Amino acid sequence: MAQPNQLTLHLETYVDVTRSPAQQAECVKAVALSLEQDSLSLDELVREMEMYLTTTDNVVRGRGILMLAEILNYLKAKPLDNAVVHTLLEFFTDKLEDWRALRGALVGCLALMRRKDTAGVVTATAAEAVAKSFVQTLSVQSLAQTERKLSFELLECLLLQYSGAITTMGDILVHATCEAIDGEKDPQCLLVAFHIIELLAQLFPSSSGPVASNASDLFDNIGCYFPLHFTHKKDDEAGITREDLSRGLLLAFSSTPFFEPYAIPLLLEKLSSSLPVAKVDSLKCLKDCAMKYGVSRMKKHYGVLWPAIKAAFFSSTGTHLSFALESLTSPGIEMDEIHREAVNLLQWLLKQDISFLSFVVDDIDINTVFDTISRYSQYKEMPDTNKREVLVTSQILSVAAKASVQSCNIIFGTFFFRLMGTLGISDKTTTGNLVHNKNSPVSIRLYHGGLYLCVELLSASKDHILGFEECSSTPGCLQESWCSLVRSFAVSLIRVFTSAVCSSNDCVEDVYLGVKGLLTMGTFLGDASPVSRSEFENILMTLTSFITAKSGKTILWELALKALVCIGSFINRYHEHDKAISYMSIVVENLVSLSCSSHCGLSYPMILEATSEVCSTAPKHVEKMVQGLEEALCSSLSEFFVNGNFKSIEKCSQLLECFTNKLLPRLAEIDGLEKILVHFAMSIWNQIETSGVCSDFCGREFVEAAMTTMRQVVGSDLVESQNIIIQKAYNVISSTKLPAMESIPLTLVALEGLQRDLSTRDELLLSLLASVIIAASPSASIPDVKSLVHLFLVSFLKGYIPAAQALGSMVNKLGSVSGGTNVSSDCSFEKVCDIIFHTAFASGKKMSSDGSGGIICGSETNLSQLCLGFCGSLDLQTRAITGIAWIGKGLLMRGDKRVNEIALVLVECLKSTNCPGKVLHPAAMKHAADAFFIIMSDSEVCLNRKLHAVIRPLYKQRFFSITVPILESLIKNSQSPPSRTMFCVALAHVISNVPVAVILDNTKKLHPMILEGLSVLSHDSVDKVTLYSLLLVLSGTLTDIKGKESAEDNAHKIIECLVKLTSYPHLMIVRETAVQCLVALLELPHRRIYPFRREVLQAVSKALDDPKRRVRQEAIRCRQAWASITSTSDLHGS
């Protein structure tokens, strides 16, 4: 049992009004926990609290009763004896009369009445007693907000959980509710009050009950809140929003049909309000009331309701109709919330009662639109008033047609023939009736309004076929009158829409509607479609002819392509087998054949765009296009290699780009992906293998496209498929006598003589081979590694960078996984490194090891000597530096320590005079500095996850920790300006590409180096991109807590550097970022930045005249911010 003195301490703390709410809450929890654990009984607690519950001290008594109530609130799930519950509830019920203890009494009643269904629940008799006490003693609106909310919650609880016990209270309960709600303004209280009205309506549904007899009074109490004017802040503690209150009020309005005589007139009145929110709430509430009140009560309001709905359509509909591509599958008009709610209300009324449709079809304004629609033949001729009338009419009729099949039949029966008359495909008989004239020619003048209404009606009817398909009642749909009408006019309608396109005279609006009409006719679903297969095929042929016509990329071409794509997607989505066959033969095969043809009026990029867009609609279409592109590619390659047709090679580039960018992402959806990819890659190799020698030409674009395609194809394959492609590539290379393979190893003289001697075919072969190796998995099998390493080594020394990337990929992946790369036993990873780093080009011999048998990679290796300028050729030196950078990148990513020696070689290359005493050319130094970017940056073309690179964790951090201290020391001690600049460039590349977390952990050390780098690199424009990347690093440190600590110590240097960069002339974004950094510095302590305000304001004032608007805008913001700290300083001074 809890110690008495401890319990007393809790009680004293709680009743002490000077204690904090947190302390008092802890006391309640502590006592409740003792009761939960049975270390304290409820009887003992009540005996101990007797003094606090019965004292004449109003404050202590109120606090004591509230504490007991809150303790019981914690015990809702704890079983209690029925007698105990009954006694406690009697106590709290009696205390409802004690206004000084009212809060505790309400909390106590609620705690007991909300108990779980375990032993010790409140009886019906006790609940009735609580209700009677509530009605007799409480004047809710005279209470404070907290007590009012508790009172409403108590009444809500009685209605929810004890409705049977209080039913007999009838009128008394309703009157008490009216009195309690009257004048309430608090959102929390109102939310509960609205729910109470809803519960009362459920409790007394009878027409002779108290709600029916007091409906007027009840509605008066809630009607005054409509529409809600909500002024509370969004960060209200209770989290009550206007939407919550509006929904609660709506449910109260629609809770009982007895509110109909009062609610509907009020809602119709508010619907005419100029406030948009009032219109939206009225429309929402009208729909809900229509659902709950029923047809019999709503019918008397139809005469007023229809004009109000129509007015809502007119007020929410503009005059702008979009004719953009994206609008081809939508109404093309902007819909605000008023419009959407008006649509929802009208649709529900029509679904609920078809008789409401008579107001629509008999409406004078709608019928006038049909009578006057032929006044304007083109959209641009129509006044805004007429445009709005046509748009509103189309929306109303579309909603009506969608509401139900019966409604659709009536709309089509009333208006469709009249529309056909406007389009010139129906005539009047002698009796005045309209009939279909199948032989009449399409009118030369097609009226835009008629076209638009026709298209919208057809679109609205399509949903009914989908419903019939789902119900498997296709014959029923075909028998519907609207479907029969469309079927009988289908041929004529297709002619009309085609004519609208062909005779548009550059009228974009008619072209748009014509194509949209054909699209609509082509997307009726399944066997229930009113459009026959022959008519559907006619639509496909018409749209395809628009695409293949000898014209430029016109709006018609784009619309027709969009329509065909929509039809293809529709067929694939709904599995339309017969239509899929037609689509394949008419559209897909036709366009694929054009992409394979060398004779076509369209530009080849347009053919490929159209074909790829159309074929992306289904996996079978993608597969068909891949086959077509493969055939076209082989044909074009053959034409180039055999006949030297340079246009064919340009076509090949476009084919490969289309395959890579448009089709390859979709191939993942196709079964047999591996087979397709391998076949495509093998076709390229086979074609090149069988081709002869061709004349050289500038085909860099094609080679790049071929490399990209081969990389992505091999990278997407499984290992088994990669092995097939790798073996094929090796066989083709082996059968080709490349100059680089004829004499390996080479002397330096021979190597220089091999420069720029690759034919177009040889360059293509080497490019594709490099791409295959770059994309191969570490588990793939690479044959004759030794020869390939020699080939790539010689090739990159000739300036061929993909060969260096391939070598980097080989050293990264070779033998990196257990059971991985299957290579010949005489060429392990160590031997590959030996070939790369120890081949002696001068003598054609291998250099010996250091005597210990280990392989050393350093300044004494022959490749290192080339980097350091021993060869005497600048070209060979720069190529060697670039090549060793890619090799170093591969080693670094796999975690090999040889990269440390490569880094040292590159550092030596940054010195104007290196350790061996060689004077380096500035170009070689620049290549060495940029080599650090190659090593540290993320590459898109090799050594990334997509291309299966081996990536050890934290590899960038390791290189950072090795190189930064070396470069820092060299920058401090360098006496040569060129070397100092190159050291800064190299450091900038390392810092800019390391993860941000590393920078933030080392800001104190890095800030001086970053500032030094920015100062050195700002002298000219050569390294402006590097300068910007380094400035971004500085910017990132200024917005982080760790960075700010270091920035505070270096504030004067940072400000001085940034002030200079605000006028950097070579790159606008550098100036903009520098000004933004000056703003970020304002987060530093005032004493650190205030001394420099004058310099900053002077620099920013000059930036106000910057030729670039973005810089001027940032300068304005910066000047205002820095100027404000002046006044702050003055205030501190005073």
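Author: Grid points are joined across faces, edges and corners, and a volume is the space filled by probe spheres set on the points. By this rule there are 4 cavities of 30 Å³ or more here. Before we go on, note that this is a predicted model, in which local features need pLDDT of at least 70 and side-chain atom pairs count only at pLDDT 80 or more, while totals for chains, interfaces and linings use all residues. Residues are numbered from 1 along each chain as its sequence is written, and side-chain values use heavy atoms, with hydrogens and water left out.

Reader: Which residues line the largest cavity?

Author: The lining consists of V369, T372, I373, Y376, M382, N386, E389, V390 and G449, around a volume of about 70 Å³. By class the lining has 5 nonpolar, 3 polar and 1 charged residues, where Ala, Val, Leu, Ile, Met, Phe, Trp, Tyr, Cys and Pro count as nonpolar, Asp, Glu, Lys and Arg as charged, and the others, Gly among them, as polar.

Reader: What is the volume of the largest pocket, and which residues are closest to its centre?

Author: The volume of the largest pocket is about 750 Å³, and among its 27 lining residues T329, K402, S459, K462 and D463 are the closest to the centre. Two or more lining residues come from each of helix 19 (337-352), helix 22 (384-403), helix 24 (448-471), helix 27 (508-522) and helix 29 (555-574), with helix 24 supplying the largest share, 6 residues. The lining of this pocket divides into 12 nonpolar, 9 polar and 6 charged residues.

Reader: How many helices and strands does the protein chain have, and what percentage of its residues count as buried?

Author: The protein chain has 57 helices and 2 strands, and 55% of its 1134 residues count as buried, a term that means under 20% relative accessible area, with exposed over 50% and partly exposed in between (1.4 Å probe, protein chains only). Contact means heavy atoms within 4.5 Å, and among contacts between residues at least 6 apart in sequence, 75% join residues at least 24 apart.

Reader: Please show me how two helices that pack together are described.

Author: Two packed helices are described by the angle between their axes and the distance between the axes. Axes are lines fitted to C-alpha atoms, for helices over the stretch in contact, and angles run from 0 to 180 degrees between N-to-C directions. Here the axes of helix 45 (residues 898-909) and helix 46 (residues 922-936) come within 8 Å and cross at roughly 145 degrees. From helix 45, A903, L906, V907 and C909 meet M925, A928, A931, F932 and I935 of helix 46, and the residues of this contact divide into 9 nonpolar, no polar and no charged.

Reader: Which residues does A986 touch, beyond those up to four places away in sequence?

Author: A986, which has its place in helix 48 (residues 977-992), touches L910, A929, F932 and L967 when residues up to four places away are not counted. The C-alpha atoms of A986 and A931 are separated by 7.9 Å, although the two residues are 55 apart along the chain. At 0% relative accessibility, A986 counts as buried.

Reader: How many aromatic pairs does a search of the whole structure find?

Author: Rings of Phe, Tyr and Trp (its six-membered ring) pair if their centres lie within 6.5 Å, and planes under 30 degrees apart count as stacked, over 60 as edge-to-face and the rest as tilted. The search finds 18 aromatic pairs, among them the tilted pair of F226 and F253, at 5.6 Å centre to centre and 35 degrees between the planes. F226 is buried, with a relative accessible area of 8%, and F253 is buried at 0%. The rings of F659 and F680 are stacked, because their centres are 4.0 Å apart and their planes are at 5 degrees. F659 lies in helix 33 and F680 in helix 34 (residues 673-690), so this pair ties together parts that are 21 residues apart in sequence.

Note on methods. Helices (H or I, at least four residues) and strands (E, at least two) are DSSP runs, numbered from the N terminus. On a 1 Å grid over the protein atoms alone, a cavity is a set of points where a 1.4 Å probe fits but cannot get out, and a pocket is an open set with protein on both sides within 12 Å along at least five of seven lines; lining residues have an atom within 4 Å of a point.
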